[in-house]
Amino acid sequence: MVIQTLEKSYVVVKRCGTEDGAERFICRDGETGGLVTLLRVTDRQVIASVMEYVPSEVPDKIFTDFKGCFVDGAYFCMAMEYHEGMTLGQRLEREHSALEERLEVMHKLLEKAVLLKLPWYFFWDALDPDQVVVSSSLEVEFNYRLRELGRLSVCGRDQAYGRLAGLMRRLFQREFSRQVVPELEEFCRELESASDRYENCLEVYRRYREISEGIAALPPEELKSPRTRPFRLWERVKRGAAGARKLAALLLLTAAVVYLIFTVRQAGLPGERQKVFRYIGTLEITE
């Protein structure tokens, strides 16, 4: 199957199904040979909102993942760059990545979003772990499913930040459960609070970079020791037990010293006068 425009042709490699009033295909660009996700919108109401949103909100010269849009008969189509490779979701399930690697992945993800100047809806859509492709060198690329197209005009900063916080919570789940990166946890809460603290993605990127650099500078042993309440209580118990052992040892040593002094003094006392028996009955004992 080939989907044809006035300028390009897209050869369908895989049909991904129909969802939210749109058909999705993985296609090969007949001109460049690269892969794209082609979305063909079939719902007329959705077509109207998409055609109104895309020209005004999508900076196609900067947002290079957006390959264009066109009308195909009664349908409206959008083409987005498609990247093959292991997704972040697969990496988290299969590998035990070091904290340094995961910090770098999030750094590259936010950097990519800033460079592409992702519109809020596209940023929200891309923040699915199964749509973030991570290379062996930790380079990050986005794939787009463009779900819930009816949200195009209402999906804004708060929705995108909330989803970003959710992705961070999954990426740093081990550290959050042990409470060893409190500043990063606080950052997630700020993103989830729908506040105006971070006006755009660049401000989010700058704040994350500050936090990640601070975490990278921490001693490794500090990141290994949990700070959860049960752990802190156990540490107090251990410290208390250690103190009790020291006190018991001191008391035992004191008792030993006192006993030694007592025995030395007793040894120095004059002995009692001995009674000498010369007779047993009428029998005289001679020496």
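For the residue classes used below, Ala, Val, Leu, Ile, Met, Phe, Trp, Tyr, Cys and Pro count as nonpolar, Asp, Glu, Lys and Arg as charged, and the others, Gly among them, as polar. The model here is predicted, so local features need pLDDT of at least 70 and side-chain atom pairs count only at pLDDT 80 or more, while totals for chains, interfaces and linings use all residues. Residues are numbered from 1 along each chain as its sequence is written, and side-chain values use heavy atoms, with hydrogens and water left out.

Let's start with the pockets. A pocket is defined on a 1 Å grid over the protein atoms alone, as an open set of points where a 1.4 Å probe fits, with protein on both sides within 12 Å along at least five of seven lines; lining residues have an atom within 4 Å of a point. Grid points are joined across faces, edges and corners, and a volume is the space filled by probe spheres set on the points. Helices (H or I, at least four residues) and strands (E, at least two) are DSSP runs, numbered from the N terminus.

The largest pocket holds about 390 Å³ of space. It has 20 lining residues, and those closest to its centre are Lys14, Cys16, Ile26, Tyr82 and Arg145. By class, the lining splits into 5 nonpolar, 9 polar and 6 charged residues.

The second largest pocket comes to about 300 Å³. Lys117, Leu118, Pro119, Trp120 and Asn200 lie nearest its centre, out of 16 lining residues. Here the elements that give two or more residues are helices α1 (44-57), α3 (99-116), α4 (120-126) and α8 (201-216). The largest share, 3 residues, comes from α4. This lining divides into 12 nonpolar, 2 polar and 2 charged residues.

Next, follow strand β4, residues 35-41. How many of its residues are buried? The count is 7 of 7, where buried means under 20% relative accessible area, exposed over 50%, and partly exposed in between (1.4 Å probe, protein chains only). Leu35, Thr37, Leu39 and Val41 point one way from β4, while Val36, Leu38 and Arg40 point the other way, and all are buried.

β4 has partners too, and two strands pair if DSSP finds at least two bridges between them. Strand β3 (residues 22-29) pairs with β4 in the antiparallel sense over 7 bridges. Ala22 has Val41 of β4 as its bridge partner. The hairpin of β3 and β4 has 5 residues between the strands, and Gly33 in that hairpin takes a positive phi near 80 degrees. Strand β6 (residues 75-81) also pairs with β4 in the antiparallel sense, over 6 bridges. In β6, Val41 has Phe76 as its bridge partner.

On to helix α2 (residues 88-94), where you'll find Arg91. Is Arg91 buried or exposed? Arg91 counts as buried because its relative accessibility is 9%. Setting aside neighbours within four places in sequence, Arg91 is in contact (heavy atoms within 4.5 Å) with Met86, Ser97, Val134, Ser135, Ser136 and Leu138.

The loop between β8 (140-142) and α5 (157-171) includes Leu146, and Glu148 has its place in the loop between β8 and α5 as well. Leu146 has a phi near 55 degrees, a positive value in a residue other than glycine. For Glu148, phi is near 50 degrees, also positive in a residue other than glycine. Leu146 is buried because its relative accessible area is 1%, whereas Glu148 counts as partly exposed because its relative accessibility is 36%.

Ser195 is placed in the loop between α7 (182-192) and α8. With a relative accessible area of 27%, Ser195 is partly exposed. Ser195 and Asp158 are 37 residues apart in sequence, yet 8.0 Å apart in space, C-alpha to C-alpha. Apart from neighbours within four places in sequence, Ser195 is in contact with Arg157 and Glu190.

Finally, the cysteines. A disulfide is a covalent bond between the sulfur atoms of two cysteines. With the rule that a disulfide is a pair of cysteine sulfur atoms within 2.5 Å, the count comes to 0 disulfides. Cys155 is buried, with a relative accessible area of 5%, and Cys201 counts as buried at 11% relative accessibility.
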